[in-house]
Amino acid sequence: MLQNLRIALGVLRSVRIYYGHRARSRAMDALYAQFIKPGDLVFDVGAHVGDRVAAFRRLGASVVAVEPQPALYRTLSRLFGRDDAVTLIPSAIGRTPGPAKMMINVDNPTISTLSADFITASRTAAGWEGQSWQQSLQVPVTTLDTLINTHGVPSFIKLDIEGFEAEALAGLLHPIAALSFEFTTIQRHVGLACLERCAALGYTRFNAAIGESQTLGKWRSAAALADWLTTLPHAANSGDIYARHS
């Protein structure tokens, strides 16, 4: 009972954070409008409480939203379950399909993860004090290529899956127009692996936004963006890297 209450409070905290600022929503719309136009299909992988789903819908896109955490999936169902342009998938995304163990941060569900290395990296990292993953559950895993085969080719994929982004990109064999993936300064090597994978898929232009700034810098090569990530101060903590073909 107590754990269920903590989960509910963690989800409510996320809803307040991610839906509480109109200026942030406007900035998010402006950012994603660079990649998405009305009528497009978008994959939101690690949809969490759906603030990106809401932005993609405001831009006129249909959305496949992928979220394995039951409490978050229920939240998405309440928010978007009646929207025929949103398809909800209760799954994680990885290199290959099958079951996997997900570690749940009850008080901060946004950083629940399939990556044990992510948790290890956080244990002694400044800024990550007090985080704990006290619950685990088995979740189904599918691949990006399977999603494409089932739902169609998206114009944009957003990946935010707490240290498992490189595993997800390994399951993408057919590149799309543009995508983004989260990086953290506690696991720079994951971001670098994602950059390497994107370059191998033929992406040539890269950009980044730190934290929730929703502001891109200049477009760079994969090598230049890798140098930027390598030298980024630890205090930057996290952000998203964007990749496109042209």
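Guide: Let us begin with contact, which means heavy atoms within 4.5 Å. In this predicted model, Val45 touches Val66, Ile93, Leu144, Ile157, Lys158, Leu159, Asp160 and Ile161, once residues up to four places away in sequence are left out.

Visitor: Which residues have the most contacts inside the largest nonpolar core?

Guide: They are Val45, Leu179 and Phe181, in a core of 46 residues, to which helix α9 gives the most, with five residues. A second, separate core of 24 residues includes Phe56, Ala65, Leu76 and Val86.

Visitor: How should I read the sheet, and what is the order of its strands?

Guide: In general, strands of a sheet pair through backbone hydrogen bonds, either parallel or antiparallel. Here the pairing is mixed, and the seven strands of the open sheet follow the order β3-β2-β1-β7-β8-β10-β9. Strands β3 (86-89) and β9 (205-210) are the edges, each pairing on one side only, and the twist from one strand to the next averages 15°.

Visitor: How many bridges join β8 to β10?

Guide: Seven bridges join β8 (residues 178-184) to β10 (residues 238-244), and the two strands run antiparallel; Ala178, for one, has Arg244 in β10 as its bridge partner. Helix α9 (residues 222-231) packs on the sheet, touching β8, β9 and β10, and its direction makes about 25° with that of β9.

Visitor: Is Arg188 buried or exposed?

Guide: Arg188, in helix α8 (residues 188-200), is buried yet has no salt bridge, and the nearest side chain of opposite charge, Asp227, is 11 Å away.

Key: Residues numbered from 1 in each chain as written. Predicted model: local features only at pLDDT ≥ 70, side-chain atom pairs only at ≥ 80, totals over all residues. Heavy atoms only, no water. Pairing = 2+ DSSP bridges. Helix = DSSP H or I, 4+ residues; strand = E, 2+ residues; numbered from the N terminus. Axes fitted to C-alpha atoms, helices over the stretch in contact; angles between N-to-C directions. Buried < 20%, exposed > 50% of the residue type's maximum accessible area, 1.4 Å probe, protein only. Lys, Arg positive; Asp, Glu negative; His and termini not counted. Salt bridge = Lys/Arg side-chain N within 4 Å of Asp/Glu carboxyl O. Core = buried A, V, L, I, M, F, W, Y, C linked by side-chain atoms within 4.5 Å.
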